[in-house]
Amino acid sequence: MRESGVLLPVSALPEGYGIGGFSKKAYEFVDWLKAAGQKNWQILPLGPTSYGDSPYQSFSTFAGNPYYIDLDTLKEEGLLTEEECREADCGQDPRYVDYGRIYETRFPVLRKAFSRFRETEEFRKFGEENVFWLEDYCLYMALKETQGQRSWQEWPEELKTRDPETLAAMRETLAEEIRFYRFLQYCFDRQWKQLKKYANERGIRIIGDIPIYVALDSADAWANPELFQFDEESVPLAVAGCPPDAFAATGQLWGNPLYRWEYHRETGYAWWIRRIAYCFRLYDVVRIDHFRGFESYYSIPYGDKTAEKGHWEPGPGIEFFRTVQEKLGELAIIAEDLGYLTDNVREMLRESRYPGMKVLEFAFDSREESDYLPHNYSHNCVVYTGTHDNNTLAGWYRELPPEDRDFSVRYMNNGRSTPEEIPWDFIRMAQASVADLAVVPMQDYLGLGAEARFNYPSTIGTNWKWRLLPEECSRQLAEKIRAITKLYGRL
């Protein structure tokens, strides 16, 4: 079945408190997607972000970001006042998120809501159903408060190594703080599931994103050191990243701990099975980030400042995905198969039967034939004009070398478009392709330039900030998108 969708992170939704969330504006965006004839809303990981604000560096692979909790809903439930909600207003610039200000203002307001909260049977049931990750996460966050927000790698030895007696004492001492973090996750879970249900009832699937790695500064790494390549003192032996490429001359140093794949294999990939199953409680479709890392992964010595001295190590390969299918059945998974691909990676993708990704911004290199050109697609793929790691179409096209720009014009057989119309030429190419699913970032539908780019890989301080303005979800744009969606049989 031919379908299409829009890529827009939750943080980029228009909302009155400085960052997108599960507010009325989110429900209005779902209605707008339906009016535009879209069947899919793709988002980025929902986890709580740490230093750098990246959704791919989260304090937990299971927890949700408290910033997304809708304060107006808490007000309606009698947990906040109008004045208290205004205390969390970080909306001075509706176009960009001010993470620093939100960090300072949001939690004091959420603590006021917590002070008025009375436990319910639903709250207790939530705790029981999520005990396999929730207790470690809440304790971890409470301990970070006592340790000045430092990573567990810098904690006193008895906390770092999870001494049972010490942890038992801290659970008692920090009981109220632990309960606060459990309350946040309860609010997040309830509000997200209501929004997802609303979308599903209107025929819209949520495409989520599971990063291959967890953050070093996370409850996952602290509570499960046996899963990772740590030495006897829980210091990483090596960390994750990518080798030098067109994105970064010295490679990408992500810094995530690497997996002890032999241990995962011995346990039947139990932790991974639980992680993926949990994702399908949150989303309808899951994009597995860095798919090629399951065939072989790039290992960088811990402490290196760049990724240049890394090397490749074998991953679990197709055995991993066969195990996932045996345990969980056939799942709606998209494989992020971008980057340098070997024949072994291509064979793993073929055997998994998952659709891979095709990105039009990678297609127009006049020096060589590209797998990303639409005439090379099969049906079983997802075509994107660009991703969260790319420039917008308009920004990318302005920076394209003249010979590549000329190639794209010849390929589209179109020399008549104005600069404002160029993004729609590429959108039309994606929609017209044979790919089963076409996904377009919201910035490209709006024709925005590099100022709307969401992420510059291997940099921090300027990323994950762009937001949609309320008036940009216009009826006219919805009608235009619906028309092109219908034209190419994706309604």
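This is a predicted model: local features need pLDDT of at least 70, side-chain atom pairs count only at pLDDT 80 or more; totals for chains, interfaces and linings use all residues.

In which loop is Gln 149 found? Select Gln 149: the residue is in the loop between H6 and H7. Helices, labelled H, are DSSP runs of H or I with at least four residues, and strands, labelled S, are DSSP runs of E with at least two, numbered from the N terminus.

Residues are numbered from 1 along each chain as its sequence is written, and side-chain values use heavy atoms, with hydrogens and water left out.

**Two positive phi values**

Remain at Gln 149. Its phi is near 70°, a positive value in a residue other than glycine. With a relative accessible area of 29%, Gln 149 is partly exposed. Here buried means under 20% relative accessible area, exposed means over 50%, and partly exposed lies in between, for a 1.4 Å probe and protein chains only.

Next, select Arg 353, in the loop between helix H14 (343-352) and strand S10 (356-359). Arg 353 is also not a glycine, and its phi has a positive value near 70°.

Now select Leu 159, which is placed in helix H7. Leu 159 has a relative accessible area of 5% and is therefore buried. Which residues does Leu 159 touch, not counting residues up to four places away in sequence? They are Leu 143, Gln 147, Thr 166, Leu 167, Met 170 and Trp 222, where contact means heavy atoms within 4.5 Å. Display Trp 222 together with Leu 159: the two are 63 residues apart in sequence and 9.5 Å apart in space, C-alpha to C-alpha.

An α-helix has 3.6 residues a turn, so residues three or four places apart point the same way.

**Helix H4 against helix H9**

Select helix H4 (residues 99-116) and helix H9 (residues 175-201), which pack at an angle of about 100° with their axes 10 Å apart. Axes are lines fitted to C-alpha atoms, for helices over the stretch in contact, and angles run from 0 to 180 degrees between N-to-C directions. H4 is therefore roughly perpendicular to H9, a term for angles of 65 to 115 degrees. On the H4 side, the contact is made by Phe 107, Leu 110, Arg 111, Ala 113 and Phe 114. On the H9 side, the contributors are Glu 176, Glu 177, Arg 179, Phe 180, Tyr 181, Phe 183 and Leu 184.

Within H9, select Phe 183. At 1% relative accessibility, Phe 183 counts as buried. Not counting residues up to four places away in sequence, Phe 183 touches Leu 79, Leu 110, Ala 113, Phe 114, Phe 117 and Phe 123. The C-alpha atoms of Phe 183 and Leu 110 are separated by 9.5 Å, and these residues are 73 residues apart along the chain.

**The loop between H17 and S12**

Proceed to the loop between helix H17 (422-432) and strand S12 (437-441), and select Asp 436 there. Is Asp 436 buried or partly exposed? At 28% relative accessibility, Asp 436 counts as partly exposed. Leaving aside neighbours within four places in sequence, Asp 436 is in contact with Met 1, Arg 2, Glu 3, His 379, Asn 380, Cys 381 and Arg 490. Asp 436 and Arg 490 are 54 residues apart in sequence and 8.7 Å apart in space, C-alpha to C-alpha.

Val 434 belongs to the loop between H17 and S12. Val 434 is partly exposed, with a relative accessible area of 33%, and touches Arg 2, Tyr 377, Ser 378 and His 379, not counting residues up to four places away in sequence.

To finish, select Cys 381, which is buried, with a relative accessible area of 2%.

Notes: Angles under 35 degrees count as roughly parallel, over 145 as roughly antiparallel, 65 to 115 as roughly perpendicular and the rest as oblique.
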